[in-house]
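I opened my notebook to keep a record of what I looked up in this structure, entry by entry. What can be read from the model, and where should I be careful?

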Amino acid sequence: MADPGTDVPVVGGTFRHPGTGTSERETEVMTVNIGPHHPATHGVLRLVVDLEGEVVRDLRPVIGYVHTGIEKSCEDKSYWKVIPFVERMDYVSYFFQMEAFCGAVERLIELEIPPRAKYLRTIFLELNRIHSHLVWLGTTALDLGAISMLWYCFRERDRILDLFEMAAGQRMHTRYFQVGGVIEDIPLGFEAKLREFVAEMPLRVEQYQALLDRNEVFLSRTKGTGIVSRERLLELGVTGPLLRAAGEPWDLRKAFDYLAYPEMDFKVPVGTVGDNYDRYRVRVAEMVESTRIVEQALDGLPEGPHIAEDRKYVLPPRSELSTSMEALIHHFKLVTEGYRVGPGEIYYAIESPRGELGCFVLADGSAKPARVHFRDPSFVNLQAFRDMSVGSYIADMICSLGMLDPILGGVDR
Amino acid sequence: MPDAPGLELIRGEIEAAHPGAVVDTGFAQGRAVLSIDPAHVLTVLGWLRDAPGQGYRFLSSLHAADYLPSTPRFAVHYELLSRDRVERIRVKALLEDASPAGGVGDGGVEDDPARSAPPSPATGPAGQNLPEIDSCVGLFPTAEFQEREVFDFFGIVFKGHPDLRRILLPDDYVGWPQRRDFPIGGEPVTFTYNERNYG
């Protein structure tokens with residue numbers, strides 16, 4: 001054991017032995033390790049925190065505990081087999097991972113997806129955004145002592161997962177998006193069930209607000225805590241609800257033209273102060289806006305094919321296999337070798353529930369990508385955590401971490 | 001995105017101020033790409049950020065790619081974004097491999113004596129020379145984690161980075177796993193206790 005008062009080196013920093021002195025203990029800076037397995041870190045995140053009493057003086061996030069080398073593994077898979085891999089990065093917003101990768105490949109091979117696929121993708125992305133925000137709201141409110149919120153949020157989350165299961169056969173990690181469109185059209189009865197959900201969701205959001213908006217404990221824990229200025233957030237590359245809560249109306253759905261978003265009428269909620277309360281308000285307002293997008297996309301859902309017809313990249317329909325030799329050959333080639341993508345590289349970014357989710361794909365002409373890289377918003381946003389927490393109480397740090405909403409599967413990849 | 005003539009204008013203006021900075025320009029899939037000499041990375045990024053009429057003030061993403069077997073072997077990509085004009089531009093700093101003879105599973109295709117012996121070579125755990133580039137954390141603080149990630153996976157050293165350590169892999173890890181000559185499955189099994197005793 002080290003002597004009291006000395007620095008003990010540990011991975012990611014040094015640990016100051018707390019010492020045995022009694023008089024100077026009030027002002028001594030003590031380094032505390034939080035995590036990696038801690039309920040309040042929302043995953044396998046480790047924090048090395050310098051504390052002076054209860055006040056955070058410095059903080060270093062240590063990450064990499066769930067690094068599984070997905071980007072490297074993708075280099076050994078044909079393009080269509082990469083899709084289920086990338087879904088498992090940010091395991092709460094899997095539809096967004098799929099869209100980032102499929103969209104990037106589609107732009108590389110210049111494959112236009114049919115309008116119905118665009119609308120279906122928009123519907124599922126926005127359902128996934130509501131799902132992701134519900135998981136965030138439930139777990140963060142749980143951290144702040146509002147235990148019942150978790151059950152209310154997970155009730156609606158379960159209905160979204162039921163919808164995913166109905167359309168794709170899986171509740172999570174659905175592999176529903178394909179290069180060229182979506183794997184299957186929505187089944188009979190899906191629309192009615194979705195309309196029921198869309199009609200009910202705004203009432204449910206009102207319930208959440210009724211539970212939290214006048215909750216004295218919740219308000220005093222969130223208001224005025226974790227403030228970072230808009231300029232500093234931009235310097236740190238923070239995007240998504242965190243940036244919008246600081247008053248910057250930046251949303252890739254509005255800024256860039258992708259999927260059916262240009263045809264949708266929705267608002268971008270922004271905050272004013274940029275504290276944890278604004279972050280909560282922005283995300284809750286986004287759930288309502290997402291519901292509106294789902295409803296509009298369902299109303300305007302065009303008829304037609306749900307996946308592109310290009311047989312070089314898209315599997316032929318099952319019915320053709322028994323009648324057409326050519327379809328059988330295409331099917332065989334696509335399943336065994338996969339399709340080849342000509343040399344090129346692309347960076348395609350979409351607005352995920354946490355900010356700018358970018359996918360970089362480098363193609364070398366073979367049937368496997370030479371590099372797949374994800375610019376994960378959780379990974380970049382985590383850099384703002386130090387600014388949010390230094391100078392605040394350790395209890396506010398836990399609140400800020402919840403409001404930051406990092407998904408460690410996405411951070412570590 | 002700046003269109004193809006717009007990209008040539010940018011190239012011309014950078015060339016006028018910093019001769020030799022731009023190596024090549026490319027325009028594919030509607031994306032503008034500016035390939036630059038790594039020695040000028042900070043001047044080019046700073047110019048794109050601050051010059052009037054440019055305003056690429058937001059660094060969306062910083063990542064690297066290994067172009068083995070072509071030369072130069074590595075490229076660090078800077079995805080810049082102008083939020084006022086909603087335009088993206090990619091700056092690619094092309095880097096030679098600094099260790100032509102050595103390193104993990106060397107492909108044996110690199111031979112460029114001009115850059116293989118930098119004046120102050122940073123060395124990796126295996127003692128091989130690593131490619132170097134200036135860190136842009138001073139211009140874009142968001143690059144801190146992302147440069148650490150590139151160092152972690154490609155062994156590209158960012159000079160002037162405040163805290164250049166491995167970020168996702170363990171500190172004592174040997175090798176640069178995202179390089180193309182690093183084999184998949186080249187990872188030894190760490191927890192072999194059960195295998196040894198009961199396997």
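**Entry: confidence**

I began by noting that this is a predicted model, and that the predictor gives the complex an ipTM of 0.83 and a pTM of 0.87. For chain B I found a mean pLDDT of 79, with 81% of its residues at 70 or more. Over residues 101–125 of chain B the pLDDT is below 50, although this stretch still has 41 contacts in the model beyond near neighbours in sequence. I reminded myself that where pLDDT is low, the predicted coordinates should not be read in detail.

**Entry: chain A as a whole**

I looked up the make-up of chain A and found 16 helices and 12 strands. Its radius of gyration is 23 Å, close to the 22 Å that the globule rule gives for 413 residues, so chain A is as compact as a globular protein of that length. Along the principal axes, its C-alpha atoms fill a box of roughly 90 × 45 × 35 Å. I also noted that 50% of the 413 residues of chain A count as buried. Among contacts in chain A between residues at least 6 apart in sequence, 67% join residues at least 24 apart.

**Entry: the largest nonpolar core**

Which residues have the most contacts inside the largest nonpolar core? This core has 162 residues, and the ones I was looking for are A:F101, A:V105, A:V361, B:V76 and B:I156. Helix α4 of chain A, residues 115–143, gives the most to this core, with 13 residues. I then followed B:I156 and, leaving aside its neighbours within four places in sequence, found it in contact with several residues of chain B, among them B:F74, B:V76, B:L95 and B:F151.

**Entry: helix α4 of chain A**

This helix has 29 residues and reaches 42 Å from its first C-alpha to its last, close to the 42 Å expected at 1.5 Å a residue. I counted 25 of the 29 residues as buried, so α4(A) is largely enclosed by the rest of the structure. After the helix comes A:G145, whose phi is positive, near 95 degrees.

**Entry: where the chains touch**

I found 25 residues of chain B in contact with 33 residues of chain A. On the side of chain B that touches chain A, β3 (58–66), β4 (74–82) and α4 (143–154) each supply at least two residues, and β3(B) gives the most, with 6 residues. The residues of this side divide into 12 nonpolar, 7 polar and 6 charged.

**Entry: helix α4 of chain B**

Is α4(B) mostly covered or uncovered? I found that 12 of its 12 residues are buried, including B:E144, B:R148 and B:F153. The buried residues of α4(B) pack against α13 (377–381) of chain A, together with β3, β4 and β7 (157–159) of chain B. At 1.5 Å a residue the helix should span 16 Å, and its end C-alpha atoms are 16 Å apart, which agrees. Just after α4(B), B:G155 takes a positive phi of about 65 degrees.

**Entry: B:R73**

Last, I looked at B:R73, which lies in the loop between β3 and β4 of chain B. Why does B:R73 count as buried? It has 25 other C-beta atoms within 10 Å, and a residue is buried if that number is 20 or more. The C-alpha atoms of B:R73 and B:A98 are separated by 9.6 Å, while the two residues are 25 residues apart along the chain.

How values were computed. Residues are numbered from 1 along each chain as its sequence is written. Chains are lettered from A and ligands numbered from 1 in the order in which they are written. This is a predicted model: local features need pLDDT of at least 70, side-chain atom pairs count only at pLDDT 80 or more; totals for chains, interfaces and linings use all residues. Helices (H or I, at least four residues) and strands (E, at least two) are DSSP runs, numbered from the N terminus. The radius of gyration is taken over C-alpha atoms; the globule rule is 2.2 Å times the number of residues to the power 0.38. Two residues are in contact if their C-beta atoms, placed from the backbone, lie within 7 Å. A nonpolar core is a set of buried Ala, Val, Leu, Ile, Met, Phe, Trp, Tyr and Cys residues joined through C-beta atoms within 7 Å. Ala, Val, Leu, Ile, Met, Phe, Trp, Tyr, Cys and Pro count as nonpolar, Asp, Glu, Lys and Arg as charged, and the others, Gly among them, as polar. pLDDT is the predictor's confidence in each residue, from 0 to 100. The expected span of a helix is 1.5 Å times one less than its number of residues.
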